[in-house]
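The report that follows describes a structure for a reader who is new to the subject. Please keep the sequence and the model in view while reading.

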Amino acid sequence: MRPLFFFLAAFAAIVLSVAPQPTLAQAARSGPLRIEITNGVIEPMPFAVPAFVADSAASQQMANDLARVVVSDLTGSGLFREVPRNAHISGISNFDAPVQFADWQAINVQALVTGALSEGIGGRLTVKFRLFDVFAQTSMGEGLQFSGQRKDWRRIAHKVADTIYSRLTGEQGYFDSRVVFVSETGAKGQRKRRLAIMDYDGANYHALTDDRAIVLAPRFSPDGRRVLYTSYETGTPQVFLLDVKTQRRRRLANTDGMSFAPRFSPDGKRVLLSLSKAGNTDLYVETLATRKRTRLTVAPSIETAGSFSPDGTQITFESDRSGAQQIYIMPASGGEARRISFGDGRYGTPVWSPRGDLIAFTKINKGRFHVGVMRVDGSEERLLTSSFLDEGPTWSPNGRVLMFFRETRGVSGAPSIYSVDISGRNLKKVPTPEFASDPSWSRERK
Amino acid sequence: MRARLAVFLTVGALGLAACSNAIPDSGLGGANGVGNYKYDTVEYFNASIGDRVHFAVDQSTLSPEALSILDAQAAWLIKNTAFSVLIEGHADEQGTREYNLALGARRASAAKAYLASKGVSDNRMTTVSYGKERPIALCSAEKCWSQNRRAVTVVRAGGSS
């Protein structure tokens, strides 16, 4: 398939030689402009995105919209603070002209993004941008260019924001990604549900199924093209596989009893799922191509909600074999499991970070729910959220942000999707047209 | 084909009518009036015997009260072989989604196993779990949660499921 984008480390980077000018304290900084995002309290880095230069009056609206998405991505990450347009002393009217750094230093902008947009034949957009370290008065990395179809303009903006984020944090970005989730309408107890998909920021929402049957817990394939989920359309909970583009679905191999809690392996070839027979629930793995199924756990306890490590060699899951719901790790081929959760309360829904370093989970203690993370050996448990009902974390593509759903209490209680950094900061609601639950975050789109 | 079927059904209905007259009423006189259901009906089962049992938090063990309700369910089912049952297992909202599905499965299975031990034949019973997805009481307090932790025996026409 022809790639959606091609990007060129295009034009020769223009070295801007500007005589150094007296600056504020930042001039004394020895290292590159960088924001560390793992620890504690930080001060968001001030940045500015003056209006992108459009190649025609007709393209100016698109240029503005695109720049706005870049700003929203960076601001929404909680790591950057926009110095708004109405504070700018000058703008960028010519993308290739030297930058007047003094104008930006004067309003304490540390990172400056300049951009230009042109629209070609057949609705093809091309966006060029540069990133500048204002106080060092240099560009950070080469200028870059992204191209794509007009209808994918938001994806172009996300790719621009990813690059800026990456250069300023040293981490991969996460903005060109999607979330599949359950969209819910109606009163508590009479909820109608359907699968839906949206960009990570809530844009481009559309439904993937109708709402005639209960649907639960959809999970993206690694390539973002398929979704596993659980549906009651046959009368009992069963696992289905859906193609995102065609919306065609098929039931996974027939089972007697119930099947649910499916997840893809990191190579997309196997499905980990829970089967419930005669009241007992255990973990199984199924190879999609051969439809061959292998049982992984044999125990009278509940074993469910499994997920793979990013290298596919291990599985984390929840079990009540110790008497209460706890988190375990075992080899992906089955075998001896070791428990990793030891705090007060019950633990469930373990999900392995794509970086391999942490496992996120839901914890229930003294009537409160929490989303938390711990190291894969169970140490350094940290709770990131607390409420009446927070559940079901899913990792951003770069392992730095979690989404989950939060349900309010009482007769009119309803769920919404939230996101939070692994530092516990920047908790906020993800906008959805209806109530929403069970989010699953895709990998970065190619 | 259709005409033959109609004739068969009519004959069958007459047959049933003849039989039901021979079974004593619940003693409250006739099929009229609120709660005065005929013994061999789903309504009687639900109103007079009870279609559900309840569970403690996180548990699937059957309490003495649950056992006595299930005893009565079993007795009725053994007498009324024209019905089959779907046993639904449910959980309250105080747990995570997958765990509650599994817990509901345990509860449904516990009720089914007990009914089987009392002589209800296996091929008349199926189970399903709804986890926490179908609460009947909506408040977020124990008085509602306790109602949601349940196994419901749904009686349906048709001798085997």
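## Chain B in outline

In chain B, 67% of the contacts with a separation of 6 or more are between residues 24 or more positions apart. Two residues are in contact if their C-beta atoms, placed from the backbone, lie within 7 Å. Of the 161 residues in chain B, 36% are buried; a residue counts as buried if 20 or more other C-beta atoms lie within 10 Å of its own, as exposed if 12 or fewer do, and as partly exposed in between, with C-beta atoms placed from the backbone.

This is a predicted model, in which local features need pLDDT of at least 70 and side-chain atom pairs count only at pLDDT 80 or more, while totals for chains, interfaces and linings use all residues. Residues are numbered from 1 along each chain as its sequence is written, and chains are lettered from A and ligands numbered from 1 in the order in which they are written.

Chain B contains 5 helices and 4 strands. Helices (H or I, at least four residues) and strands (E, at least two) are DSSP runs, numbered from the N terminus. Along the sequence, the pattern of chain B reads α-α-β-α-β-α-β-α-β.

## The sheet of chain B

The strands of chain B include an open sheet of 4 strands in the order 1-4-2-3, with mixed pairing. Two strands pair if DSSP finds at least two bridges between them. Strand 1 (52-54) and strand 3 (125-131) of chain B are the edge strands, each of which pairs on one side only. From one strand to the next, the twist averages 20 degrees.

Strand 2 (residues 83-90) of chain B runs parallel to strand 3 of chain B, and 6 bridges join the two. Leu86(B) has Thr126(B), in strand 3 of chain B, as its bridge partner.

Two helices are placed against these strands. Helix 3 (residues 64-79) of chain B lies across strand 1, strand 2 and strand 4 (150-157) of chain B, and runs at about 160 degrees to strand 1 of chain B. Helix 4 (residues 97-117) of chain B packs on the sheet and touches strand 1, strand 2, strand 3 and strand 4 of chain B; its direction makes about 155 degrees with that of strand 3 of chain B. For these angles, axes are lines fitted to C-alpha atoms, for helices over the stretch in contact, and angles run from 0 to 180 degrees between N-to-C directions.

## Where the chains meet

Contacts between the chains involve 21 residues of chain B and 33 residues of chain A. On the side of chain B that touches chain A, the elements giving two or more residues are helix 4 and strand 3 of chain B. Helix 4 of chain B gives the most, with 11 residues.

The residues on this side of chain B divide into 11 nonpolar, 5 polar and 5 charged. Ala, Val, Leu, Ile, Met, Phe, Trp, Tyr, Cys and Pro count as nonpolar, Asp, Glu, Lys and Arg as charged, and the others, Gly among them, as polar.

## Chain A in outline

Chain A has 3 helices and 32 strands. The radius of gyration of chain A is 24 Å, close to the 22 Å that the globule rule gives for 446 residues, so chain A is as compact as a globular protein of that length. This radius is taken over C-alpha atoms, and the globule rule is 2.2 Å times the number of residues to the power 0.38. The C-alpha trace of chain A spans about 75 × 50 × 45 Å along its principal axes, and 46% of the 446 residues of chain A count as buried.

The average pLDDT of chain A is 92, and 92% of the residues score at least 70; pLDDT is the predictor's confidence in each residue, from 0 to 100. Over residues 1-27 of chain A the pLDDT is below 50, and this stretch has 37 contacts in the model beyond near neighbours in sequence.

Strand 9 (residues 178-185) and strand 10 (residues 192-199) of chain A pair in the antiparallel sense over 8 bridges, and Glu184(A) stands opposite Arg193(A) in strand 10 of chain A. Their hairpin has 6 residues between the strands, and in it Gly186(A) takes a positive phi near 100 degrees. Strand 10 of chain A also pairs in the antiparallel sense with strand 11 (residues 206-207) of chain A, over 2 bridges. Here Ala196(A) stands opposite Ala207(A) in strand 11 of chain A.

Ser341(A) is found in the loop between strand 23 (338-339) and strand 24 (346-352) of chain A. Ser341(A) is buried, because 23 other C-beta atoms lie within 10 Å. Leaving aside neighbours within four places in sequence, Ser341(A) is in contact with Gln326(A), Ile327(A), Tyr347(A) and Gly378(A).
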